[in-house]
Amino acid sequence: MLEWIRFGLSAVLMLGGLFFLLSGVVGQYRFHYVLNRMHAASMGDSLGLGLVLLSLCVSADSGWLIVKYLLVILFVWVTSPTAGHLIGRLEIATDEQHKDEMEMTRK
């Protein structure tokens with residue numbers, strides 16, 4: 001019975017992670033502005049990959065393997081948003097017409 005619960009929880013986490021990864025890929029092609037694309041990529045990587053690796057943690061039997069997966073999750077959660085932020089700052093610093101490309105509503 002416990003194996004079925006682990007399998008079900010692992011499947012739900014895996015499907016959720018794959019959904020967020022797929023949403024990030026769709027956002028890459030759907031959005032036109034580079035900062036919107038960066039947001040989609042960063043969030044898809046962080047949340048999607050985190051859920052997929054968490055699913056592997058639930059289904060793993062070895063304690064060391066679970067520790068390795070958790071370290072990879074920690075590494076991705078630290079590096080992906082930082083890299084997205086730095087690339088976004090570079091885009092703002094180098095693109096002189098970035099305000100023309102942004103869609104902002106003002107009252």
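**Labels and their cut-offs**

Modeller: Gladly! Read from the N terminus, the elements of the protein chain follow the order α-α-α-α. This is a predicted model, so local features need pLDDT of at least 70 and side-chain atom pairs count only at pLDDT 80 or more, while totals for chains, interfaces and linings use all residues. Residues are numbered from 1 along each chain as its sequence is written, and side-chain values use heavy atoms, with hydrogens and water left out.

Biologist: How many helices and strands are there in the protein chain?

Modeller: The protein chain has four helices and zero strands. Both kinds of element are DSSP runs numbered from the N terminus: H or I of at least four residues for helices, E of at least two for strands.

Biologist: What makes helix 1 and helix 2 roughly antiparallel?

Modeller: Helix 1 covers residues 2–30 and helix 2 covers residues 34–59; they pack at an angle of about 165°, with axes 8 Å apart. The axes are lines fitted to C-alpha atoms, for helices over the stretch in contact, and the angles run from 0 to 180 degrees between N-to-C directions. Under 35 degrees counts as roughly parallel, over 145 as roughly antiparallel, 65 to 115 as roughly perpendicular, and the rest as oblique. Helix 1 and helix 2 are therefore roughly antiparallel.

Biologist: Which residue classes make up the contact of helix 1 with helix 2?

Modeller: That contact divides into 15 nonpolar, 10 polar and two charged residues. Here Ala, Val, Leu, Ile, Met, Phe, Trp, Tyr, Cys and Pro count as nonpolar, Asp, Glu, Lys and Arg as charged, and the others, Gly among them, as polar.

Biologist: Why are helix 2 and helix 3 called roughly antiparallel?

Modeller: The axes of helix 2 and helix 3 (residues 63–94) come within 9 Å and cross at roughly 180°. By the angle rule, helix 2 and helix 3 are therefore roughly antiparallel. Their contact has 18 nonpolar, six polar and two charged residues.

Biologist: Let us turn to the rings. How many aromatic pairs does a search of the whole structure find?

Modeller: The search finds two aromatic pairs. A pair of aromatic rings is described by the distance of the centres and the angle of the planes. Rings of Phe, Tyr and Trp (its six-membered ring) pair if their centres lie within 6.5 Å; planes under 30 degrees apart count as stacked, over 60 as edge-to-face and the rest as tilted.

Biologist: Why is the pair of W4 and F7 called edge-to-face?

Modeller: The ring centres of W4 and F7 are 6.2 Å apart and the planes stand at 85°, so the pair is edge-to-face. Both residues lie in helix 1, three residues apart, about one turn of the helix.

Biologist: Is W4 buried or exposed?

Modeller: W4 has a relative accessible area of 65%, so W4 is exposed. The cut-offs are under 20% for buried and over 50% for exposed, with partly exposed in between (1.4 Å probe, protein chains only). F7, at 56%, is exposed too. As for the other pair, F19 and F20 are edge-to-face, with 5.4 Å centre to centre and 70° between the planes. F19 counts as exposed at 52%, whereas F20 is partly exposed at 33%.

Biologist: What makes S10 buried?

Modeller: S10 has a relative accessible area of 10%, so S10 is buried. S10 lies in helix 1 and, not counting residues up to four places away in sequence, touches S55, V58 and S59. Contact means heavy atoms within 4.5 Å.

Biologist: And how do you know that S42 is buried?

Modeller: S42 has a relative accessible area of 12%, so S42 is buried. S42 belongs to helix 2, and its contacts, leaving aside neighbours within four places in sequence, are S80 and P81.

Biologist: Why does L56 count as partly exposed?

Modeller: The relative accessibility of L56 is 28%, so L56 counts as partly exposed. This residue of helix 2 touches M14 and Y69, with residues up to four places away in sequence not counted. L56 and L13 are 43 residues apart in sequence and 8.9 Å apart in space, C-alpha to C-alpha.

Biologist: What share of the protein chain counts as buried?

Modeller: Of its 107 residues, 25% count as buried. Among contacts between residues at least 6 apart in sequence, 68% join residues at least 24 apart.
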